[in-house]
Amino acid sequence: MSAPNVSSTFPDAIGDRLAGSVTTVGDRDPLWVRTPFTKDTLGAVPACQPADVDEAVANARDVQASWADRPIEDRAAVLQRFADSVLANRSELLDIVQLEAGKSRFDAHVEVLDVVLTADYYARTGPTHLAPTRKSAGVPLLTKAVEHYDPVGVVGLIEPWNYPLTLAISDMLPALLAGNAAVLKPAEATPFCALRAVELLEEAGVPEGLVQVVTGYGDTVGERLVASVDFLTFTGSTATGRAVAATAGEHLVDTSLELGGKNPALVFADADLGDAVRGLVHGSFANAGQLCIAFERIFVERSVYDEFLTRFVDATESLALGADLSFDYDVGSLIAEHQLETVETHVADARERGATVHTGGRRRADVGPLCYEPTVLTDVPDDASVAREETFGPVVTIAPFDDPDAAVERANATDYGLHASVWTDDRARGEAVARRIEAGSVSVNDAYLSMWASTDAPMGGVGDSGIGRRHARHGIEKYTHAQTVTTQRVHPLVPVDALPNDVAAAAATWGVRALRRLRRLDPFERG
Ligand code: NAD
């Protein structure tokens, strides 16, 4: 495997230009960014300090009000122009995502398409989601009640490295459409694609300064950002999510937290095994398993277990592992040594406890310094770390089940609850099983792409997988304050001077009884 020619693909000039757009109020130490493909240096961004965060938030706040004053249709048009420009600059963005994150080109391509689809979705639907809405009023005919949505002000986004374009930008787009400014802290390992995407946003018409990027470490820049904004979107590990929630709680900052997972898949005997194998091999090893909604536990009905396992192992072995910028590979590199160590520790622990490694289980330094083979384990005891903790790497465990109820119980035997999938020829049964799985989303007869691409439906986790939702109305409404304006048509709703209080109370009680009766007749009120 030839290593990519990093210096020619990512010239210093690009890195220097992008690093130059980071907000700082003084000279800062460099934070070096290396490509996982070769561990070569791509460039450096400033290791920002808390004062830089304060400056970035203040700058963003200065621009926000005039952006919010523009008609939402104008802001939607900016998002559509941005989507066009992402497609037009697709190849360059793919290079940057791949070089920073070490992923395969196909996995990088998913990010580009996600950003385009999300921009298009919110540009089309955002004006409707945020249109002032007439509500059922407390006193019909007398009262008019309208709900309005105002931007919260400055939204902070703290993002991980695994989907550095999607997570940095797609979660920001609805915030911008709602009339907010944004301050983004990308992961230490992957600042450049976020910076390039922000350039494209500005070219598309986002006013300069509305989106600020602060690069640097989580415990300096991240913590300050949580404390300084009006809403905070965090995507990352559950451990960091807890720390972020504590800081946000102290400062009464509303948050959405998209955290880790230990996602299960259930394969029933009547499933199309070809589809299930193809779907779950992709769903387990996409982005080398460094995907929050990837599958780490597969349960297969015993009568098809042997056949499924054989076909799954064969399909896994046919995946091409590689570390370069071509479309030739299915699985790329891991991000860093610490991620590789977690993977190795989980596999070693499982082996010690008697697990069988059917394929993989090895570093592949010959392919890339951080590459690890897609790995399939069986006979993994429940107390093995790989059975309980998020591995976030190319490792999946497979186990048979006899009783569907027990399989659902095992799927739910985790503190996480992000995503799951169910495979069966009986779609109604699949949907019924899906409803019993404790997870924010479940795909029936698909791994995860159909769920992720359904931008009109919410996505998020329960339990240790997070709080809040992205996508759909939820994904934009969270970036607003709801304001209710009630207007009284005839008479203010106060006791009438001429009536004694006991008579007024009796009249009000009669009124409430009548209202309840009326509302039971009203199909709108009955829903
Ligand atoms: P991480 O928690 O280590 O870091 C995420 C971000 O938080 C980084 O930008 C980091 O600098 C910042 N940070 C670190 N400490 C901080 C602090 N004290 N205060 C504020 N910010 C701080 O996570 P990671 O290793 O970058 O990402 C992998 C994790 O993200 C996995 O657990 C994965 O499941 C999860 N993830 C979840 C989703 C989802 O949608 N649920 C999506 C992608 C990744």
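I take buried to mean under 20% relative accessible area, exposed over 50%, and partly exposed in between, with a 1.4 Å probe and protein chains only. The model is predicted, and I keep in mind that local features need pLDDT of at least 70, that side-chain atom pairs count only at pLDDT 80 or more, and that totals for chains, interfaces and linings use all residues. Residues are numbered from 1 along each chain as its sequence is written, and side-chain values use heavy atoms, with hydrogens and water left out.

I looked up the salt bridges, each defined as a side-chain nitrogen of Lys or Arg within 4 Å of a carboxyl oxygen of Asp or Glu, and found that the structure holds 32.

I then turned to Glu344 and Arg363, whose side chains form a salt bridge at 2.8 Å, N to O. This pair links distant parts of the chain, 19 residues apart, with Glu344 in helix H14 (residues 337–352) and Arg363 in the loop between strand E12 (356–359) and strand E13 (375–378); helices (H or I, at least four residues) and strands (E, at least two) are DSSP runs, numbered from the N terminus. Glu344 counts as partly exposed at 28% relative accessibility, and Arg363 is partly exposed at 34%.

I noted next that salt bridges with shared partners join Arg17, Glu92, Arg196, Glu199 and Glu203 into one network.

Within helix H12 I checked Asp275 and Arg278, which lie 3 residues apart, about one turn of the helix, and whose side chains meet in a salt bridge at 2.8 Å, N to O. Asp275 is partly exposed at 35%, whereas Arg278 is exposed at 56%.
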